[in-house]
Amino acid sequence: MSKSQASSEPLATDESLVRAARLGDHEAFREIVDRHGPAMYRYALHMVGDSSDASEVTQEAFVSAWRSLSGFAGRSSLRTWLIRLVHRRAADLQRNRRATPIDDGLMSRLTPAAPDNPLQSVLDAELLEALQLALNELPWHQRATWLLREVEEMSYEEISIALAMPIGAVRGHLYRGRRTLAERMARWR
């Protein structure tokens, strides 16, 4: 099949991939991994702060997804369900150790690159470092809700499902997290 033929074929929906994977289709599950793996890894990396731990958390979440695919009822999106699996694995890991700093550069996509302005580059780097430190100090649920809302751009309902908490609790954690970050980042306004 030529590349042009492949690109004209419609992409499989998550639902059809789940149905195929439930029947043992490894290629369908590989497509799920390719489609949702980057967001899962990014979230894990923000939550655990270490690339090898984030890889392990993501891999464990996919193993769990493969094993429990038959239990996925479709009451939420596949993405939300997978993020919830990552969140559980990351929480398990965090329970067994103290918080670690977020890897430098993770938040770099939140600030546009400075156009060949050394002073602006230094200020941007300092801002990101301050944001990373402030995020590291947030309680677990505040950090999780902030990352899912602001970085992963998930809805309140998706976050509620992913973190297994009522929407009111999501709003509360997000509000407190934003307020704390605003206080700690006040000098950058």
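Biologist: In which helix is Arg 143 found?
Modeller: This is a predicted model, in which local features need pLDDT of at least 70 and side-chain atom pairs count only at pLDDT 80 or more, while totals for chains, interfaces and linings use all residues. Residues are numbered from 1 along each chain as its sequence is written, and side-chain values use heavy atoms, with hydrogens and water left out. Helices (H or I, at least four residues) and strands (E, at least two) are DSSP runs, numbered from the N terminus. On that numbering, Arg 143 is in α7.

Biologist: Which side chain of opposite charge is nearest to Arg 143, and how far away is it?
Modeller: Lys and Arg count as positive and Asp and Glu as negative; His and the chain ends are not counted. Arg 143 is buried (under 20% relative accessible area; exposed is over 50%, partly exposed in between, with a 1.4 Å probe and protein chains only). Arg 143 has no salt bridge (a side-chain nitrogen of Lys or Arg within 4 Å of a carboxyl oxygen of Asp or Glu).

Biologist: Which backbone oxygen lies 2.7 Å from a polar atom of the Arg 143 side chain?
Modeller: A polar atom of its side chain does lie 2.7 Å from a backbone oxygen, that of His 46.

Biologist: How far apart are the end C-alpha atoms of α7?
Modeller: The expected span is 1.5 Å times one less than the number of residues. For the 12 residues of α7 this gives 16 Å, which agrees with the end-to-end distance in the model, 16 Å.

Biologist: Which residues does His 87 contact, leaving aside neighbours within four places in sequence?
Modeller: His 87 is in helix α5 and counts as buried because its relative accessibility is 7%. Contact means heavy atoms within 4.5 Å. The partners are Tyr 43, Trp 140, Ala 144, Ala 162 and Leu 163.

Biologist: Which residues of α8 are buried?
Modeller: Helix α8 covers residues 156–163. What covers its buried residues includes α3, α5, α7 and α9. Those buried residues are Ile 159, Ser 160, Ala 162 and Leu 163.

Biologist: Which residue forms a salt bridge with Glu 150?
Modeller: The closest N and O atoms of the pair are 2.3 Å apart. The pair links distant parts of the chain, with Glu 150 in helix α7 and its partner in helix α9, 28 residues apart. Glu 150 counts as partly exposed because its relative accessibility is 32%. The partner is Arg 178.

Biologist: Over which residues is the pLDDT below 50?
Modeller: pLDDT is the predictor's confidence in each residue, from 0 to 100. The protein chain averages 83, and 80% of the residues score at least 70. The stretch below 50 has 2 contacts in the model beyond near neighbours in sequence, and spans residues 1–8.

Notes
A polar contact is a pair of N or O atoms within 3.5 Å; within protein, one must be able to donate a hydrogen and the other to accept it, and residues adjacent in sequence count only if both atoms are side-chain atoms.
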